[in-house]
Amino acid sequence: MAEIRREKPEDVLDVRNVNDRAFGRPNEGAVIEQLRGACPGLVSLVAVAEGHVVGHILFSPVGLEADDGRRVRGMGLAPLAVLPEWQGRGIGTELATVGLAVIRQTPCPFVVVLGHHGYYPRFGFEKASRHGIRCQWDVPDEAFMVLVMDGAAMRGVSGVARYRGEWDAAT
Ligand SMILES: CC(C)(COP(=O)(O)OP(=O)(O)OC[C@H]1O[C@@H](n2cnc3c(N)ncnc32)[C@H](O)[C@@H]1OP(=O)(O)O)[C@@H](O)C(=O)NCCC(=O)NCCS
């Protein structure tokens, strides 16, 4: 259906458009632009269909401040966006599946997501509270989820997951 590939410099305006239209507000697109300039280690993928960028997914660093004082670096999936007229055709699923496969190639022990609990469990996400992982923001319990990629590294790790500061403005 769609080709999933890494974001290129010429995709910047299209990525902004996809996010602004999918969310119906500029918040997510603005954070993406701030992160691009300030944050190393982003994983940003686009979905291309009929020659156009129709979807986008971003992973950015999240630090888990463990209750025992350890600090574990993982990633946060946000945002995931598909143009309204392309939704419901599996493109969001493709973006998330390929994106998580890319992250699995890296030394990343966990991925968190703040989103709809009816959507993300299909990719392996579970309620983060089951792992003792809390969100820095006050959010519904079922909306904050984690995908543990390295069980050994995460054994016994509980605490607060913190996104990059750029996200504070968008939440
Ligand atoms: C969420 C989103 C990325 C899904 O992309 P998509 O290409 O439409 O998704 P797919 O076609 O792969 O999957 C469709 C499934 O997503 C579900 N879905 C779509 N939007 C959803 C939403 N806002 N909340 C929960 N589930 C949603 C559909 O019900 C469908 O579920 P089903 O497979 O059980 O029938 C897309 O709808 C979107 O951009 N929404 C607006 C932005 C947004 O809310 N992003 C998520 C932030 S957490």
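This is a predicted model: local features need pLDDT of at least 70, side-chain atom pairs count only at pLDDT 80 or more; totals for chains, interfaces and linings use all residues.

Reader: Which element gives the largest share of the lining of the largest pocket?
Author: That's E4, with six residues.

Reader: And how much space lies in the largest pocket?
Author: About 600 Å³. It's lined by 29 residues, and the closest to the centre of the pocket are Phe23, Pro79, Leu80, Ala81 and Tyr120.

Reader: How do the lining residues divide into nonpolar, polar and charged?
Author: For the largest pocket, you get 18 nonpolar, eight polar and three charged residues in the lining.

Reader: OK, on to the ligand. Where does the ligand sit?
Author: In that largest pocket.

Reader: Which polar backbone atom is 2.7 Å from an oxygen atom of the ligand?
Author: One belonging to Gly90. A polar backbone atom of Gly92 is 2.8 Å from a ligand oxygen atom. There's a side chain to look at too: in Gln87, an N or O atom of the side chain is 3.3 Å from an oxygen atom of the ligand.

Reader: How much of the ligand's accessible area does the protein cover?
Author: On its own the ligand has 850 Å² of accessible area, and the protein covers 63% of that.

Reader: Changing topic: what kind of peptide bond joins Ala78 and Pro79?
Author: A cis one, with omega at about -10 degrees. Pro79 is in strand E4, and Pro79 is also one of the residues closest to the centre of the largest pocket.

Reader: And Glu50, is its phi positive or negative?
Author: Positive: phi of Glu50 is near 50 degrees, and this residue isn't a glycine. You'll find Glu50 in the loop between strand E2 (43-49) and strand E3 (52-66).

Reader: Why point those two out?
Author: Because most peptide bonds are trans, and most residues other than glycine have a negative phi.

Definitions and conventions: Residues are numbered from 1 along each chain as its sequence is written. Side-chain values use heavy atoms; hydrogens and water are left out. A polar contact is a pair of N or O atoms within 3.5 Å; within protein, one must be able to donate a hydrogen and the other to accept it, and residues adjacent in sequence count only if both atoms are side-chain atoms. Accessible areas come from the Shrake-Rupley method with a 1.4 Å probe; for residues, only the protein chains shown count as cover. On a 1 Å grid over the protein atoms alone, a cavity is a set of points where a 1.4 Å probe fits but cannot get out, and a pocket is an open set with protein on both sides within 12 Å along at least five of seven lines; lining residues have an atom within 4 Å of a point. A molecule sits in a cavity or pocket if more than half of its atoms lie within 2 Å of its grid points. Grid points are joined across faces, edges and corners, and a volume is the space filled by probe spheres set on the points. Helices (H or I, at least four residues) and strands (E, at least two) are DSSP runs, numbered from the N terminus. Ala, Val, Leu, Ile, Met, Phe, Trp, Tyr, Cys and Pro count as nonpolar, Asp, Glu, Lys and Arg as charged, and the others, Gly among them, as polar.
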